[in-house]
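Here are some review notes on this model, as numbered points. Please read them with the structure open.

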Amino acid sequence: CLLAELDPVYLLLWSIFTFNTVEIKVQPSVKVKNGARMSVVCRADISKSTDFQLKHNFTVFKNGKPVFTTISDREGAQYEIPVARSSDTGEYECTVEAGGKTKSSDSLHVWITGMTKPILTAEEKEVLEGEVVKLRCELPEEVPPLYFFFRKIKMNSTPKEKHVYEPYRNFSEVTFSVEEGDNILYFDCFGKRSVLLQFEIYMYSLAEPFIKPTLNAKPSGNITEGDRIHFECSTVVARMRDIEIILQKNKTILKSVQDEKILKYSAVATLEDSGEYLCKVEQGRASKTTKLNVVVSELFPKPILSASTSNLDENKELTLSCSISGFRKANFSILRKNSNGDISLKNSRNLTMRVNVNDTGSFICKAEVKGIVKESKPSHIFYYLCSWKPLRLICRSAMGTPPITFRFHKGNEVKTIVTNDTYATFLDENIRQNDKKGYKCDARNNHSSGMKTSNILNITVIGNASLGSIPYGEVEDGHETAFLCSVKEGSWPIHFRIFRKTDHEVLLFETSENADRIVWRKKAMSRQDTGTYYCMASNRANVDVKSHPITISGKLTFMISFILAVWQKGVIAASVLIPIAGAVTFASWWFLCKKKKGNEWSPSICLVTNVLQLNLHLFQEQRLVGLRLQEMTRYKLKN
């Protein structure tokens, strides 16, 4: 509750800021043609310790008098003059006030060239000798003070002139007498403005509120990464109240102290600490600065992460190695990049692992020496059948003054913002089929209020493939088999191909469909169709995904069919040959039996007859059993 009642100026004490510069510019230039449009632009360059909002009070002065004022959240303001006149000529200056601090720009002289055409009128068109002509010259669009010049022109005579200074009016009136011989007279007038300013010189005796600060760094030379560097900035002040000392590097505030004469700051030196340091002392509207250039030598270069391969199949071995050129004594660690924070895999120079789908992504390594930690460039590992392979997009601006700010969009969502010179890259590490959103980028710079947007780019992806069959595994001779090839996800159309692998790969079927699966039917399977089958799928992403193989077997079924075929041929042969042999035997028996004595049979011949009858009976029984076995086998195969 108490904070809500505080003045906003006091709340700013929790956040540090300082004015670097305040600049004033005139567009199109400092020399403007009369009647043209003119813009006075005022811009403040401010450094902040944190990202917080500031209210800026802009005031534009002309010849020391305020002509424009505005309040804005932005660090720039613009004073528009739609039609510039000669009265707009003068010295312009801009002052910016924010958070109790004020800074002014240097003055800028603006010159408006030319004036509007004057209007000349005469009270009488015809006059007599001895009378007077009253003239009026007016500049309706100009602002006093003005000088007016009148001329009386007569043929073959020197013109007579009169000039009048008008401090408060934009017109003037004069009279000319008509003399003897003035038959035809011409009159004209023109206006003039004096841009010279008169001033008086006063001499003041000024007392400095503080002297120019002194900035020192220790050690003063031969600084290497890992060394601790100490900065000290000091001044001598006449009055301690409201004094502030600020230490900056490249407009970044490192530290600030208030109501103290000395600022001390120390840090472990890194290569990025090389550059120009600035110590600034502020008190009210007065400020003084001192600069110091610091050079930090490199202790060791950035590590390099190398991978045994960048494209992997499932369960393949991947080796990552981290190294430093010409340097071996370091503490190494290998990590995988993650949006929620890098994941440490191993504190070692080398890492060997078997990868799967979840290992797709970017890997880095870090090296630490004397407290200095450096990170390698990321190494991107892609799982070959992975549907969410990282996608790298490049946005490029053919025209425009750097730096340029690029924004990448996925659908209506801004994914990342990059500031660079002419191009920027974006890595999308999670692409799915259900990502129906297109990609686009836009770009803008600090020299234009406009923004350019690219066309929408749609990306196609494809997922893992799989193959199945109905029936699965073992099939029956002469029966149909259906093969189903499908992908987990993928943008249409998808091109499907089914192969059989024996001694070489045979393409059996291919088609392109707006679907994620196809069915191919093999009408009649045979012994020659056994073997290993697999399918492949691809789309406009030009990435082939391959299914796991399946084996089609007909070994038991085809063997039984072979045995039945041989047995059937044997039964047919027996059914033809045995009756013929039986007929011959019966004829012989009948002939021999006719040679009996009286009505008696020969014992030996009757014995042969009984044996033949028994064999015929056994053959008929075997044939009946064979037919029954054949029917039973066919029934089992069918079910």
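**Cross-links and pairings**

1. Start with an arginine. Arg 151 has a relative accessible area of 27%, so the residue counts as partly exposed. Keep in mind that this is a predicted model. Arg 151 makes a salt bridge with Asp 188, at 2.7 Å from N to O. The two residues come from distant parts of the chain, 37 residues apart. Arg 151 is in strand S12 (residues 146-154), and Asp 188 is in strand S15. Asp 188 is also partly exposed, because its relative accessibility is 24%.

2. Cys 189 is joined to Cys 137, with an S to S distance of 2.0 Å. The torsion about the S-S bond is about 70 degrees, so this disulfide is right-handed. Cys 137 belongs to strand S11 (residues 132-138) and Cys 189 to strand S15 (residues 185-192), so the bond ties together parts 52 residues apart in sequence. Both Cys 137 and Cys 189 are buried.

3. How many disulfides does a search of the whole structure find? The search returns 6. With the bonded cysteines of the protein chain numbered in sequence order, the pairing reads 1-2, 3-4, 5-6, 7-8, 9-10, 11-12.

4. Check the Cys 42 to Cys 94 disulfide. Its sulfur atoms are 1.6 Å apart. The link is left-handed, with -75 degrees about the S-S bond. Cys 42 lies in strand S3 (residues 38-48) and Cys 94 in strand S7 (residues 90-98), so parts 52 residues apart in sequence are tied together. Cys 42 counts as buried, because its relative accessibility is 2%. Cys 94 is buried too, at 0%.

5. A further disulfide connects Cys 322 and Cys 365, at 2.1 Å from S to S. Its S-S torsion is 60 degrees, and the link is right-handed. Strand S27 (residues 317-323) holds Cys 322, and strand S31 (residues 361-369) holds Cys 365. These are distant parts of the chain, 43 residues apart. Both Cys 322 and Cys 365 are buried.

6. Now the charged pairs. Side chains of opposite charge can pair when their charged atoms come close. Across the whole structure, the search gives 26 salt bridges. One of them is described in point 1, between Asp 188 and Arg 151.

7. Look at Lys 291 and Glu 276. Their salt bridge has its closest N and O atoms 4.0 Å apart. The cut-off is within 4 Å. The pair links distant parts of the chain, 15 residues apart: Lys 291 in strand S23 (residues 286-294) and Glu 276 in strand S22 (residues 275-283). Is Lys 291 buried or exposed? Lys 291 is exposed, because its relative accessible area is 54%. Glu 276 counts as partly exposed, at 41%.

8. Asp 442 and Arg 407 form another salt bridge, with the closest N and O atoms 3.1 Å apart. Asp 442 lies in strand S38 (residues 439-445) and Arg 407 in strand S35 (residues 404-410), so the contact ties together parts 35 residues apart in sequence. Asp 442 is buried, because its relative accessibility is 5%. Arg 407 is partly exposed, with a relative accessible area of 28%. Elsewhere, salt bridges that share partners join Lys 101, Glu 244, Lys 280 and Glu 282 into one network.

9. Finally, a sheet. Strands of a sheet pair through backbone hydrogen bonds, either parallel or antiparallel. Here, 3 strands form an open sheet in the order S40-S41-S44, and the pairing is antiparallel. The edge strands are S40 (465-470) and S44 (517-522), and each pairs on one side only. From one strand to the next, the twist averages 20 degrees. Strands S40 and S41 (residues 481-487) run antiparallel and are joined by 6 bridges.

Key. Residues are numbered from 1 along each chain as its sequence is written. This is a predicted model: local features need pLDDT of at least 70, side-chain atom pairs count only at pLDDT 80 or more; totals for chains, interfaces and linings use all residues. Side-chain values use heavy atoms; hydrogens and water are left out. A disulfide is a pair of cysteine sulfur atoms within 2.5 Å. Helices (H or I, at least four residues) and strands (E, at least two) are DSSP runs, numbered from the N terminus. Buried means under 20% relative accessible area, exposed over 50%, partly exposed in between (1.4 Å probe, protein chains only). Two strands pair if DSSP finds at least two bridges between them. Axes are lines fitted to C-alpha atoms, for helices over the stretch in contact, and angles run from 0 to 180 degrees between N-to-C directions. A salt bridge is a side-chain nitrogen of Lys or Arg within 4 Å of a carboxyl oxygen of Asp or Glu.
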